[in-house]
Amino acid sequence: MKHLTFMLCFLAILFTGGNALADCKIPSVDLTAKSSATSDSEIGQSFTATCTGRIKSITVKSNTDYTNKTVTVYQGEGIGGTVLKSISSNLVTGMNEISLEDAAIKVSAGSVYTFTLSSYVALKNADGSYDGGTGYMGSTDLGYDLYFSVTITSNKTLTVNPTNPGGSVTADSGDISSCSSSGGICSDEYTPGTDIVLTATLDTGYGSCTWTGCSSTSGNTCTVSSISDNTTVSVSYAAGGGGNSVALTDFAVLILGLLLLIAGYATIRSRAR
């Protein structure tokens, strides 16, 4: 059933601050299985994502064993949208949790998606109502829901915390850029498992930086490997070196040259006498 979808999405975003901190499960309450529906084409269910991330698994209840059935996830309501991914899966009689972690299907909070299984699959219906979608048999809206659940692994937030002036940080992917103590973009969401490399560009007069919270560091770079939790990386800058060191060196050479010139002139004057 599709009524109240907007309210569900609003509540989900409200209580998660727009970014869930853990896996989210759809529906949020368990449905009870009852009689089955069978389709010789595709049978499935639409749902509304309540967090942003990627689909971890889809759970359905099968009437019998099946081999090599196609599981497809579509963008939008029904089977007319873009195919996001199709995989092959075996089913057993009873509950089946179909893993989609390797499929890396990205979803956004508040958006609608549809999953189907095909062909000729008998799945249990739900004795209850889910307000974020509806059951489908092919392109036909069944008017009721399947017994199902979808688990989404929520995105993880990486935040850069510059503790003092002295430089800026940019990531090799995502939106983090020109992050400094005075501004820039200092946080972004990443799919779990992503590697992120942060690079600090030092201001004139600063010669080094120190990182905390990284998986590994090398000079001005920090690597966050396979992000799995909300992560904060701090960077601090130390004065010395940089552009000012070059200027000081040039100035010192100039002074030395002047001193040598004066000393040479004094020697010539002395000998002339």
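Let's start at valine 169, which touches Val160, Ile176, Ser177, Ser178, Cys179, Leu198, Thr199, Ala200, Trp211, Val235 and Tyr237, leaving out residues up to four places away in sequence. This is a predicted model, with a mean pLDDT of 85 for the chain.

**Around valine 169**

- Valine 169 is part of strand β15, which covers residues 167–171.
- Is valine 169 buried or exposed? Its relative accessible area is 0%, so valine 169 is buried.
- Threonine 199 is 30 residues away from valine 169 along the chain, yet the C-alpha atoms of the two are separated by 5.5 Å.
- Strand β15 pairs with β19 (residues 196–202) in the antiparallel sense, over 5 bridges.
- Within that pairing, threonine 170 of the chain stands opposite threonine 199 in β19.
- β19 also pairs with β22 (residues 221–224), again in the antiparallel sense and over 4 bridges.

**Strand β4 and its partners**

- Of the 10 residues in β4, 7 are buried, which leaves the strand mostly covered.
- β4 and β13 run antiparallel and pair over 7 bridges.
- β4 is joined to β7 (residues 94–99) by 6 bridges, and these two strands run antiparallel.
- β4 also pairs with β8 (residues 106–107) over 2 bridges in the antiparallel sense.
- Which residues does serine 57 face in these pairings? Its bridge partner in β13 is threonine 151, and in β7 it stands opposite serine 99.
- For arginine 54, the bridge partner in β8 is lysine 106.

**The open sheet**

- Six strands form an open sheet in the order β6-β5-β9-β3-β11-β12, with antiparallel pairing.
- The edges are taken by β6 (83–91) and β12 (140–141); each has a single partner strand, so one side of each has no neighbour in the sheet.
- As background, strands of a sheet pair through backbone hydrogen bonds, either parallel or antiparallel.

**Nonpolar cores**

- The largest nonpolar core has 33 residues, and Phe47, Ile55, Phe115 and Val150 touch the most other members.
- At least two residues of this core come from each of β1 (24–26), β3 (42–48), β4 (53–62), β5 (66–75), β9 (112–118), β10 (121–126) and β13 (148–154).
- Which strand gives the most to this core? That is β10, with 4 residues.
- Valine 150 is in contact with Cys24, Lys25, Ile26, Phe47, Ile55, Ser57, Ile58 and Phe115, leaving aside neighbours within four places in sequence.
- Another core, of 19 residues, lies apart from this one; Ala171, Cys179, Tyr190 and Val235 are among its members.

**Backbone details worth a look**

- Most residues other than glycine have a negative phi, and most peptide bonds are trans.
- The peptide bond from isoleucine 26 to proline 27 is cis, with omega near -10 degrees; proline 27 sits in the loop between β1 and β2 (33–39).
- Serine 118 and serine 119 are also joined by a cis peptide bond, with omega about -15 degrees; serine 119 is in the loop between β9 and β10.
- Tyrosine 120 lies in the loop between β9 and β10, has a positive phi near 45 degrees and counts as exposed at 52% relative accessibility.
- Asparagine 68, in strand β5, has a positive phi near 55 degrees and counts as exposed at 54% relative accessibility.

**Where to read with care**

- In this chain, 82% of the residues reach a pLDDT of 70 or more.
- Residues 1–21 stay under 50, and the model has 37 contacts beyond four places in sequence for them.
- Residues 242–248 also have a pLDDT below 50, with 7 contacts in the model beyond near neighbours in sequence.
- Where pLDDT is low, the predicted coordinates should not be read in detail.

Note on methods
Residues are numbered from 1 along each chain as its sequence is written. This is a predicted model: local features need pLDDT of at least 70, side-chain atom pairs count only at pLDDT 80 or more; totals for chains, interfaces and linings use all residues. Side-chain values use heavy atoms; hydrogens and water are left out. Two strands pair if DSSP finds at least two bridges between them. pLDDT is the predictor's confidence in each residue, from 0 to 100. Contact means heavy atoms within 4.5 Å. A nonpolar core is a set of buried Ala, Val, Leu, Ile, Met, Phe, Trp, Tyr and Cys residues joined through side-chain atoms within 4.5 Å. Buried means under 20% relative accessible area, exposed over 50%, partly exposed in between (1.4 Å probe, protein chains only).
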